[in-house]
Amino acid sequence: MLTEHQEQVLLIKWFDLQYRGRIVLFAIPNGGQRNLLVAKKMKAEGVRAGVPDLFLAVPNKDYAGLFIEMKKEKGGVVSEYQKIMLSRLEQAGYKCTVCKGFEEAKAEIEEYLK
């Protein structure tokens, strides 16, 4: 079974082969282990708990863009901070989704871009 990191890496590789240079998808490095000094600096710079892993910076007829919270295919739990942030972003006009694995995220992007 792949880790969340591995699933996201696969998604980015697939995306770059399909859309690189035409559409912008980027990671938001909000999570991970950091020492206290780095964590304080990032918080001061505006890092917020619960921000999704990826953003597809393409508006469509219904939404201003697509936020994706990646989880591994089996397991992976959405935190309370993530639930709150996803709700706030949806209220602001973005599509937000939690995807369990590469295949689910790929399908979500393809559907969004139709």
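Mentor: Let us start with a term: a residue is buried under 20% relative accessible area, exposed over 50% and partly exposed in between (1.4 Å probe, protein chains only). Strands (E, at least two residues) and helices (H or I, at least four) are DSSP runs, numbered from the N terminus. You are looking at a predicted model, where local features need pLDDT of at least 70, side-chain atom pairs count only at pLDDT 80 or more, and totals for chains, interfaces and linings use all residues. Residues are numbered from 1 along each chain as its sequence is written, and side-chain values use heavy atoms, with hydrogens and water left out.

Trainee: Thanks! How many residues of E3 are buried?

Mentor: Look at its side chains in two groups. Leu 66, Ile 68 and Met 70 point one way from E3, while Phe 67, Glu 69 and Lys 71 point the other way, and all are buried. Strand E3 is therefore largely enclosed by the rest of the structure, with a buried count of 6 of the 6.

Trainee: Which strand runs parallel to E3?

Mentor: Two strands pair if DSSP finds at least two bridges between them. On one side, E2 is joined to E3 by 3 bridges, but those two run antiparallel; there, Leu 56 stands opposite Leu 66. The parallel partner, joined to E3 (residues 66–71) by 6 bridges, is strand E4 (residues 95–100).

Trainee: How many disulfides does the structure hold?

Mentor: A disulfide is a pair of cysteine sulfur atoms within 2.5 Å. Cys 96 is buried at 11% relative accessibility, and Cys 99 is buried at 1%. The closest cysteine sulfur to that of Cys 96 is in Cys 99, 11 Å away, which is too far for a bond. The disulfide count is 0.

Trainee: How many aromatic pairs are there, then?

Mentor: Rings of Phe, Tyr and Trp (its six-membered ring) pair if their centres lie within 6.5 Å; planes under 30 degrees apart count as stacked, over 60 as edge-to-face and the rest as tilted. The number of aromatic pairs here is 8.

Trainee: Are the rings of Trp 14 and Tyr 19 stacked or edge-to-face?

Mentor: Both residues are buried, Trp 14 at 11% and Tyr 19 at 15%. Their ring centres are 5.9 Å apart and their planes stand at 80°, so the pair is edge-to-face.

Trainee: How far apart in sequence are the parts that Phe 26 and Phe 55 tie together?

Mentor: These two rings form an edge-to-face pair, 5.7 Å centre to centre with 65° between the planes. Phe 26 is partly exposed at 36%, whereas Phe 55 is buried at 11%. Since Phe 26 lies in strand E1 (residues 25–27) and Phe 55 in strand E2 (residues 54–56), the pair ties together parts whose separation in sequence is 29 residues.

Trainee: One last topic, helix H2. Which residue follows H2?

Mentor: Helix H2 (residues 36–45) is hardly covered, as 1 of its 10 residues is buried. At its start, a side-chain oxygen of Asn 35 reaches to within 3.0 Å of the backbone nitrogen of Leu 37. After H2 comes a residue with a positive phi, near 115°: Gly 46.

Definitions and conventions: Polar contact = N/O pair within 3.5 Å; in protein donor to acceptor, adjacent residues only side chain to side chain.
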